[in-house]
Amino acid sequence: MDLLEIEKMCECNNGILFTNEFGVKFTSEDTVSFTMWAPLAYKVELLLFRRYNSILKEPSKVILMDALDCGVWQKENVNCNDLFYYKYRIYNKLSDGTEDVNEVCDIWAKSASQDSLASQIVDISDGFTAVPTRSVEVYDKSIKSYVNPWKEKDYTRSLIYELHVRDWSLVEDPQSTGKFLDLAEGIKVVKYIKSLGVTHVQLMPCFDYAQTDDDPGYNWGYNPYNYNVPESRYVRRMKDGTDAVKQFRTLVQKFHKAGIAVNMDVVYNHTNATGKGSLYDMTAPGYFYRLNEDGSFSNGTGCGNEVATEHKMVRYFVLDSLKHWMLNYHINGFRFDLMGCQETDFMGEVYAELSKIDSSVMVYGEPWTAGPCLVKSGVCKENIDTCEPSLEHNGVACFNDNFRDAIKGAEFMRFKAGQVQGEYADEEICKGLCGSKNLTNRIGRMINYVECHDNFTLFDKLSLCVLGKSSYSGNFLEVLNKASLEEVKKQDKLSASYVLLAQGTPFLHSGQEFLRTKRGNDNSYIAGDLVNKIDFSMREQFSDVYFCYKGLIALRKEYPEAFGCNANATAETLEAGVTLYKTGDFMVIFNATSKDLSIEYTGYGSVVDVSTGAPRFKKNMPSLVEAKSFLILKR
């Protein structure tokens, strides 16, 4: 059966395929119905296990599944009184006539054993099994139960803060190997993030990724294995799959109680592997991926494969997975990795469907691929409005690398400096400050940033430029002299002012506000704790930088009509490296040059000082804008 035949199968019986409830469904206290989709299978067996430690052994019971229409396989009312785990043995007939037999975890399951070796027979809405103790949030499939502490519908009112569970768990417990509960039960991290003033945390991948639990190594998590269950390496004393469910829910709940919304970094563009290394390829060989004409896997992700979200069942699966994370975990938004590998119409459908659950949901991602890609009409900055053309809705947003590169310089293709280092990009700076209206009709669809988990941290990039290097491995504080360090700090604060005062949606990488360093590592995805961990002592060491960030955040939140979505904001270049920015009652002069700048102004009665962590309005008006700094004036 080829792709066209499978796609035609997906249309059978007027779409009845998509009315199935895949996975497990309890029909009584002891009986369960199992439903799955395997379009190439000629036989499917249900393998049932009594206990966790028997998963790698012979199953306790084997039951032949019934073949229904459209590639659906089902077994109803199975007595599972003493059975707790299951897998499928799928007998696929490939297009070349060969047979392919796989034992595989159910891709629709909502709970699984460690490393997703088998699926768990459980209802994760059951308060006795998978709901956190003393929960104030009801986890069921009723939309009424969904929780989002951030009710603003305009993206520009938000401020996103990206973090990795393991990096920050070491702040709570230096002996931790990175657990959800370190943050959920800790007293430092969530309190600190709340005090900073951000509205959303963006958790780097928390779904099950391919690194196994017996591997203690560090990983960011961009190697997906099972999209619908939490990563078990982040679970403390995991006995079964419900521990992962409970503990991740507990972390989300902790942020919610602090008034912070939770966005999740999702990687629906590729899986860790194909063939025997992919639950999806073993279930429906070839179908979940884009294939070249010769049958090889397209590789626009740079990871060996691309998930084919244009295929009907793949699209349905991803949408169902996203809704699962919203309804069953109360995730409030999604950052799409390599969103350029997804079609604009698909991303538009994602936003449309998720905004039905929550009109404040955030949907955004990277508007690029990692190489030549078979996607048709993939998302990019220039077509972001076509994902959701209505100006009444936020729609899909994307990271603005034009503004990023203008501020600090590009790193891809060739290492470059940017505005704050003296390589001026005045035109792009002006565009970015005004919300990049040349790219979008809806200002909030541009995510403004200068640092994320990828590439050098801002401090490392600026330090390299000050040192006249394009690479260095080690402690920058040991090689920067006092004058050089002061120069880097000025450049860092100036970079933050562009991002946090611009029109659009601001984004910070956690630790950026106190000069986070990764010791010169520009791709730290497996670099380990020495490179990636948060050194919280730097908040005190560089308190002036921290308070500047905090003050800019507070000013932005206090005056959202000026710093957020003001279509009337203007920016102009006074001279190379000097920008005059007017928005609402404010005027900001950005001086990226190496000399102090004399200024003249009328109509502004106070200067805004953000250096203490909160905006203070002073009447003693200055006559200069110092080199590598910014000056905020208010009418």
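The model is predicted.

Four bridges join β1 to strand β2 (residues 31-37) in the antiparallel sense. Within this sheet, G23 stands opposite T35 in β2.

Now turn to charge. Side chains of opposite charge can pair when their charged atoms come close. The count of salt bridges here is 39. One of them joins E11 and K312, with the closest N and O atoms 3.2 Å apart. This pair links distant parts of the chain, 301 residues apart. E11 sits in the loop between α1 (3-9) and α2 (12-15), while K312 belongs to helix α8 (residues 312-329). Both ends are partly exposed: E11 has a relative accessible area of 47%, and K312 has 32%.

E411 and K461 form another salt bridge, at 3.8 Å between the closest N and O atoms. E411 lies in the loop between α11 (401-408) and α12 (426-433) and K461 in helix α13 (residues 458-467), so the pair ties together parts 50 residues apart in sequence. Here E411 is buried at 17% relative accessible area. K461 is buried too, at 0%.

A local case sits in helix α12. K431 and E427 are four residues apart there, about one turn of the helix. Their closest N and O atoms are 3.4 Å apart in a salt bridge. K431 is partly exposed at 26%, whereas E427 is exposed at 57%.

Finally, shared partners join R290, E306, E310, R315, E343, D345 and E349 into one salt-bridge network.

Notes. Residues numbered from 1 in each chain as written. Predicted model: local features only at pLDDT ≥ 70, side-chain atom pairs only at ≥ 80, totals over all residues. Heavy atoms only, no water. Pairing = 2+ DSSP bridges. Helix = DSSP H or I, 4+ residues; strand = E, 2+ residues; numbered from the N terminus. Salt bridge = Lys/Arg side-chain N within 4 Å of Asp/Glu carboxyl O. Buried < 20%, exposed > 50% of the residue type's maximum accessible area, 1.4 Å probe, protein only.
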